[in-house]
Amino acid sequence: TTTTTTTTTTTTTTTSNTTTGCTTCIQASVCGDGVLQIPCSTKDIYATGNDTLKTCAPGEFAMTDIIHDSSNNVDVYKRCVDRAECELKWITESADQDYCKHYGVVKPNQAFSCHFCCVVSKCNQGSMVPLKSTFYT
């Protein structure tokens, strides 16, 4: 007589960032350096791969800064920001401006900037302006 025993093992995996261990952190496209005034390259602005992705710190959001000078040159920076920076740059300085709400359609005849803060992983990836449905509110 032969007896066979079968053991079944169930494994549950939780995905988290290996650096921070954060399960609620979002990923954002990050490029350029606003402090050194080195903007994102066109390739990085529209990148859809993982080249520019960074996991933001807990409680941070994705920000895209679009800066137009008086000669209509455009510099773009993408980064992670905390809630205070998101509320200041997006809610206070940009969200109610027609040229930001309708970016690319309404163009002022002067230097201006728009700062778009979004809250979903990869929301600032692959385009200049994130989808409105992903904006911080």
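How much accessible surface does the chain have, and what share of it belongs to carbon and sulfur atoms? The accessible surface comes to about 8600 Å², and 48% of it belongs to carbon and sulfur atoms. Please keep in mind as you look around that this is a predicted model. The chain has 137 residues, and buried residues make up 32% of them.

**Overall layout**

- The secondary structure of the chain consists of 3 helices and 5 strands.
- Read from the N terminus on, these elements follow the order β-α-β-β-β-α-α-β.
- Among contacts with a separation of 6 or more, 61% are between residues 24 or more positions apart.

**Disulfides**

- The chain holds 6 disulfides. Counting the bonded cysteines along the chain, their pattern is 1-2, 3-4, 5-6, 7-10, 8-9, 11-12.
- One of these links joins C31 to C40, with an S to S distance of 2.1 Å. The torsion about this S-S bond is about 90 degrees, so the disulfide of C31 and C40 is right-handed. Both C31 and C40 are buried.
- Another link joins C86 to C117, with the sulfur atoms 2.1 Å apart. The torsion about the S-S bond of C86 and C117 is -115 degrees, and the link is left-handed.
- Which parts of the chain does the pair of C86 and C117 tie together? C86 lies in helix α2 (residues 83-92) and C117 lies in strand β5 (residues 112-118), so the pair ties together parts that are 31 residues apart in sequence.
- Why does C86 count as buried? Buried means under 20% relative accessible area, and the value for C86 is 0%. C117 is also buried, with 0% relative accessibility.
- A disulfide also joins C118 to C123, with an S to S distance of 2.0 Å. Its torsion about the S-S bond is about 85 degrees, so the link of C118 and C123 is right-handed. C118 and C123 are both buried.

**Aromatic residues and the surroundings of F135**

- By the ring-centre rule, there are 6 aromatic pairs. One of them is formed by F116 and F135: their ring centres are 5.8 Å apart and their planes lie at 25 degrees, so the pair is stacked.
- This pair links distant parts of the chain, with F116 in strand β5 and F135 in the segment after β5, 19 residues apart. Both F116 and F135 are buried.
- One aromatic cluster is formed by W90, Y103, F116 and F135.
- Is F135 buried or exposed? F135 is buried, and its relative accessible area is 13%.
- Leaving aside residues up to four places away in sequence, F135 touches W90, F116, C117, C118, V119, V129 and P130.
- From C-alpha to C-alpha, F135 and N124 are 9.8 Å apart in space, and they are 11 residues apart in sequence.

**The loop between β1 and α1**

- Q37 sits in the loop between β1 (27-29) and α1 (42-45). Q37 is exposed, with a relative accessible area of 63%.
- V35 also has its place in the loop between β1 and α1. V35 is exposed, at 77% relative accessible area.
- Which residues form a nonpolar patch on the surface? V35, L36 and I38 form such a patch, and together they have about 340 Å² of accessible area.

**Residues with a positive phi**

- Q37 has a positive phi, near 55 degrees, and is a residue other than glycine.
- K122 also has a positive phi, of about 65 degrees, although K122 is not a glycine.
- Where is K122? K122 lies in the segment after β5, and with 38% relative accessibility K122 counts as partly exposed.

Terms used: Residues numbered from 1 in each chain as written. Predicted model: local features only at pLDDT ≥ 70, side-chain atom pairs only at ≥ 80, totals over all residues. Heavy atoms only, no water. Disulfide = S-S within 2.5 Å. Buried < 20%, exposed > 50% of the residue type's maximum accessible area, 1.4 Å probe, protein only. Helix = DSSP H or I, 4+ residues; strand = E, 2+ residues; numbered from the N terminus. Contact = heavy atoms within 4.5 Å. Patch = residues over 30% accessible without salt bridge, like charges linked within 9 Å, V, L, I, M, F, W, Y side chains within 5 Å. Areas by Shrake-Rupley, 256 points an atom, 1.4 Å probe, with all protein chains shown as cover. Salt bridge = Lys/Arg side-chain N within 4 Å of Asp/Glu carboxyl O. Phe/Tyr/Trp six-rings, centres within 6.5 Å; stacked < 30°, edge-to-face > 60°.
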